[in-house]
Amino acid sequence: MMSFWKRFSYNRGAVIGLVILTFVIVAAVLAPILFPQSPWKMVQRPFLPPFTQDGLLLGTDALGRDVLAGLAHGAYVSLLVGLVSTIVALAIGVPVGAAAGYFAGRIDDALMRFTEFFQTIPSFALAIVLLAIFQPSLTFVIIAISIVSWPPVARLVRGEVLSLRTREFVEAASLSGLGNLQIITRHILPNALPPIIVLASLMVAQAILLESSLSFLGLGDPNIMSWGYMIGAARTVIRTAWWLSFLPGMAILLTVLALNLIGEGLNDALNPRLTRKSE
Amino acid sequence: MIRFILGRLIKAVFILLAILVFNFLLIHAAPGDPAAVMAGEAGAADEKFLADLRARFGLDQPLYMQLWLYIKGAVQLDLGYSFRQQMPVAEMIGDRLPATLLLTGVAFVLSLVLGVTAGVAASARQGRWGDTIISTFALLFYATPLFWVALMATLVFSVWLEWLPGFGYSTIGAGYTGMAHVLDVAKHLVLPATTLGLFFTAIYMRMTRASMLEVSRLDFVKTARAKGLTRGVIQRRHILRNALLPVITLAGLQAGQIFGGAILTETVFAWPGIGRLMFEAINQRDYNVILGVFYISAAMVLLFNLITDVIYVIVDPRIRLTT
């Protein structure tokens with residue numbers, strides 16, 4: 001554990017990322033306490049510029065809503081969607097990849113064809129189609145994002161399992177009479193964990209970007225304040241109130257950047273032998 | 001080679017068929033009457049109109065017959081009818097497709113050239129300030145939401161500096177012809193193509209840099225150095241040629257993502273392509289158009305994948321032609 005932190009903190013970017021992310025998490029957790037009112041509520045006249053009024057640090061938007069409150073509540077939504085959709089994507093991708101890699105042969109063929117299908121079709125367009133046809137709600141946003149983001153997990157896990165399953169400790173487990181399921185979950189997957197963790201941290205970042213893009217297009221949950229929605233709503237007034245689009249965009253940029261930096265740090269800490277490739 | 005292309009084509013056809021079945025199931029899984037869904041009038045249309053629709057589109061027939069009719073239509077490029085626009089969907093997409101191909105094509109070439117150049121430059125300066133600057137830029141653009149870059153680019157270069165138009169495909173009412181028209185479109189293209197390209201530039205840069213560094217550690221590079229070849233020659237002829245292969249693979253896989261980016265870019269810049277068409281269709285709940293754009297974009301991506309596969313085989317003759 002000690003050496004993990006040492007290696008992680010050796011990557012200066014990763015430490016910066018961790019600081020930024022901690023700040024975002026604190027903002028998300030404190031949002032309901034600091035801004036107990038609904039972020040949709042009109043609190044002042046519209047288009048109040050930032051730093052002009054006490055109590056409204058970042059001013060108000062086109063409908064007189066508190067921008068800072070929107071950003072804080074948006075942080076919660078972004079982190080929630082990023083985290084939950086990554087967990088769901090892992091829950092689809094890990095079993096598919098593990099089964100493909102472990103059983104090989106026809107099962108591998110069929111599962112990989114299935115994965116390839118999802119990887120070939122334009123994923124953002126697929127997410128749009130799903131959300132346009134079913135009513136956009138937070139649950140469906142998460143489902144749509146998970147459906148388009150699990151294939152890389154399946155491919156990664158398959159590769160790892162494929163290389164691990166011929167190793168001696170797996171043979172030993174097999175000879176000791178363990179079933180396939182136990183061998184996969186107790187012996188193979190724990191050894192494949194480091195690259196999965198690295199990928200997962202990058203997936204949270206991608207999911208946050210995807211969620212913001214979808215709500216920018218008006219496909220988010222209409223009852224939930226999110227960063228993408230704020231930019232989409234401020235788009236038409238960009239000539240007169242550019243900061244309304246600028247601020248939520250910076251929030252997305254910093255959060256996604258922080259997660260990517262942490263991903264690189266985790267990669268350095270967990271896979272010290274591997275050279276970094278691209279995601 | 002022909003067998004290889006044929007095999008890939010068969011696979012592509014299967015994927016397209018699967019998408020059609022998927023689209024069909026979605027229409028039927030959507031809340032409400034499929035006829036109402038297709039008409040984009042959920043809950044608003046009167047019963048007689050819906051009954052007419054059902055008869056016209058065979059929705060009164062058993063499900064497997066409907067699926068057959070749907071696939072038969074789509075194969076003949078009949079993608080249904082947009083009741084909102086009173087136009088066949090295929091015609092709407094046909095009108096808009098060239099603009100999207102122009103935008104994505106220019107953005108793709110731009111990002112590949114810029115990304116590879118920057119990646120080579122960064123790898124040659126590994127660990128020094130040049131590398132740090134290029135890598136930081138790549139990291140930033142990789143984390144920036146595309147639609148936001150597009151908005152900020154409009155704000156800075158179109159609203160504040162007034163250098164470039166931030167809206168549309170050509171100057172409305174200017175009536176340019178010939179060279180003047182081409183220049184006009186090119187000017188309108190600069191901002192959308194650059195913003196769409198920047199995200200992918202970041203990806204290709206990171207990939208090229210990593211790949212260059214990896215290849216430069218191989219034995220044949222040591223041999224080249226031992227032979228007394230200059231740094232530049234080794235970089236270009238020995239390392240880059242080999243380092244490009246994974247970048248090409250990645251570029252092929254990114255085709256779908258570039259189209260996804262085009263939806264956002266076209267929406268912000270009012271670029272009249274199929275991405276913008278999809279955005280308009282979302283707002284109007286025009287399902288036939290949304291599904292049609294989805295289908296055509298998948299077909300484009302498959303075609304693009306096929307082209308990169310062929311390029312790959314030409315660039316690297318060692319690749320076995322398996323399907």
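Student: Okay, which residues does A:I252 touch, leaving out those up to four places away in sequence?
Tutor: A:I252 touches A:I208, A:S212, A:W227, B:P145 and B:W148, where contact means C-beta atoms, placed from the backbone, within 7 Å. This is a predicted model, where local features need pLDDT of at least 70, side-chain atom pairs count only at pLDDT 80 or more, and totals for chains, interfaces and linings use all residues. Residues are numbered from 1 along each chain as its sequence is written, and chains are lettered from A and ligands numbered from 1 in the order in which they are written.

Student: Is A:I252 buried or exposed?
Tutor: A:I252 is buried, because 28 other C-beta atoms lie within 10 Å; buried takes 20 or more, exposed 12 or fewer, and partly exposed is in between.

Student: Where does A:I252 sit?
Tutor: A:I252 is in helix α11 of chain A (helices are DSSP runs of H or I, at least four residues, numbered from the N terminus). That helix covers residues 243–270, and 21 of its 28 residues are buried.

Student: New topic: how many residues of chain B are in contact with chain A?
Tutor: 42 residues of chain B, and they meet 36 residues of chain A.

Student: Which element of chain B gives the largest share of that side?
Tutor: α13(B), with 9 residues.

Student: And how many are nonpolar, polar or charged?
Tutor: The side of chain B that touches chain A has 32 nonpolar, 8 polar and 2 charged residues. Ala, Val, Leu, Ile, Met, Phe, Trp, Tyr, Cys and Pro count as nonpolar, Asp, Glu, Lys and Arg as charged, and the others, Gly among them, as polar.

Conventions: Contact = placed C-beta atoms within 7 Å. Helix = DSSP H or I, 4+ residues; strand = E, 2+ residues; numbered from the N terminus. Expected span 1.5 Å × (residues − 1).
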